[in-house]
Amino acid sequence: MPHLKKKSKNSKKKDFKKLKKKIKTLNVVPIEPRAIESDWWDSFCHKISSSPGLTIPNDKEEAFKYFFRVSKTTFEYICSLVRDDLISRPPSGLINIEGRLLSVEKQVAIAMRRLASGDSQVSVGASFGVGQSTVSQVTWRFIESLEVRAKHHIKWPDQDKLEQIKSKFQSVFGLPNCCGSVDATHILMTLPSVQTSDDWCDEARNYSMLLQGIVDDEMRFLDVVTGWPGAMTVSRFLKCSGFYKLCENGERLSKKLRLGENIEIREYIVGGVYYSLLPWLITPYEDQDFATINSKFREAHDAARLLGVRALSHLKGSWRILSKVMWRPDKSKLPSIILACCLLHNIMIDSGDKLLSNVAIPEHHDFGYEEKSCKFVDTLGSTMRDNLVKCLQPR
């Protein structure tokens, strides 16, 4: 019987490594990288065209605006803002039902369609070939990114820009030293019974969150405040804002304009009767006889004040998620959704896109809510308003 030579420990280790390497080579098949879906627009148009009662414009550019509110050029700009945050990387990359990674453009399209239409996540997902959870995840990632990357589109103007705005209000409305128009609206929602409270239940018996916007002559938002319960009055809501504190401390709307020997006009904004009359916030006269005598002021004030009303009507009409009743939203996330829509509104204006008139809310943006008068009158505010009347009287 031949003598069997025992293998050394080192040779056994070498054989084991060879066998392990061979098994690994046999079992592992190279995986091709997933393709990124780039033809999302054609696919979307094909799916959405079968929707009943939907009339799509024949012009491709107009059809794009119809669904996403912005031009393709502005859409590409928005993609550039959020691209770094939305780039999908395996294995956590978002995929569609065919296993292809979602391009940044498709992710932005999904999020903007959700915000523009206010349709359910299931409905939006069906038109893009993705599931409800994907729509939810993509939309929230987009909102979080936009909130950071596009924040420069909503800011209080520097003094040079403010002078341009004041010049516009003077030439268009005849109001000297006017810096903007303020208005507020309710964002409606349903809440689970465990979260319901009188704080969130407003005067119309709806659960809602307030949004206040101050706009310039082009209906661009200069300042936005949201997150507060709908049960608050509009005047109290203003007092809770940082804008109010800055104005009261003289850090904003403080520059004065002298018109003649006895007339001095501080920078101000205009608002409705539901706001307090303040030195920097001018409201209309409620005395009908006095308002008739000063009809020129009333007409100028009404026209300027309507800028805020129209801006919120366009906002809630363009981004319909804000005009529909939100189903049990996370109240900590809802302010971010509202802000994202305000940012998109400003991006459209800053990019030269026209606000689409056919999407604006046909009634008042806060339809169903009464304009309750705020009786508080500041003495300096009253003097300011009287001085404005003198400025507008024929000489």
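User: What volume does the second largest pocket have?
Analyst: This is a predicted model, in which local features need pLDDT of at least 70, side-chain atom pairs count only at pLDDT 80 or more, and totals for chains, interfaces and linings use all residues. Residues are numbered from 1 along each chain as its sequence is written, and side-chain values use heavy atoms, leaving out hydrogens and water. A pocket here is an open set of points on a 1 Å grid over the protein atoms alone, where a 1.4 Å probe fits, with protein on both sides within 12 Å along at least five of seven lines; grid points are joined across faces, edges and corners, and a volume is the space filled by probe spheres set on the points. For the second largest pocket that volume is about 390 Å³.

User: Which element gives the largest share of the lining of the second largest pocket?
Analyst: Lining residues have an atom within 4 Å of a point, and this pocket has 25 of them, with Glu203, Val234, Tyr274, Glu370 and Lys372 closest to its centre. Helices (H or I, at least four residues) and strands (E, at least two) are DSSP runs, numbered from the N terminus. Strand 3 (178-190) and helix 9 (234-239) each supply at least two lining residues. The largest share, 4 residues, comes from strand 3.

User: Which helix gives the most residues to the lining of the largest pocket?
Analyst: The largest pocket has a volume of about 480 Å³ and 20 lining residues, with Arg114, Gln121, Ile321, Pro329 and Ile337 nearest its centre. Two or more lining residues come from each of helix 5, helix 7 (132-149) and strand 10 (326-327). With 5 residues, the most comes from helix 7.

User: How are helix 5 and helix 7 oriented to each other?
Analyst: Axes are lines fitted to C-alpha atoms, for helices over the stretch in contact, with angles from 0 to 180 degrees between N-to-C directions. The two axes come within 8 Å and cross at roughly 90°. Angles of 65 to 115 degrees count as roughly perpendicular, so helix 5 and helix 7 are roughly perpendicular.

User: Which residues of helix 4 make the contact with helix 5?
Analyst: Helix 4 (residues 72-86) packs against helix 5 at about 110°, with the axes 9 Å apart, and the two are therefore roughly perpendicular. Contact means heavy atoms within 4.5 Å. Helix 5 contributes Val104, Glu105, Gln107, Val108, Ala109 and Met112, and helix 4 contributes Phe75, Ile78, Cys79, Val82, Arg83 and Leu86.

User: How many charged residues does the contact of helix 3 with helix 5 have?
Analyst: The axes of helix 3 (residues 60-68) and helix 5 (residues 104-117) come within 8 Å and cross at roughly 65°. Tyr66, Phe67 and Phe68 of helix 3 meet Ala109, Met112, Arg113 and Ala116 of helix 5. By class, 6 of the contact residues are nonpolar and none polar, which leaves the charged count at 1.

User: How many contacts does the model have for residues 1-6 beyond near neighbours in sequence?
Analyst: pLDDT is the predictor's confidence in each residue, from 0 to 100; the chain mean is 87, and 84% of residues reach 70 or more. Over residues 1-6 the pLDDT is below 50, and the number of such contacts is 0.

Technical notes
Ala, Val, Leu, Ile, Met, Phe, Trp, Tyr, Cys and Pro count as nonpolar, Asp, Glu, Lys and Arg as charged, and the others, Gly among them, as polar. Angles under 35 degrees count as roughly parallel, over 145 as roughly antiparallel, 65 to 115 as roughly perpendicular and the rest as oblique.
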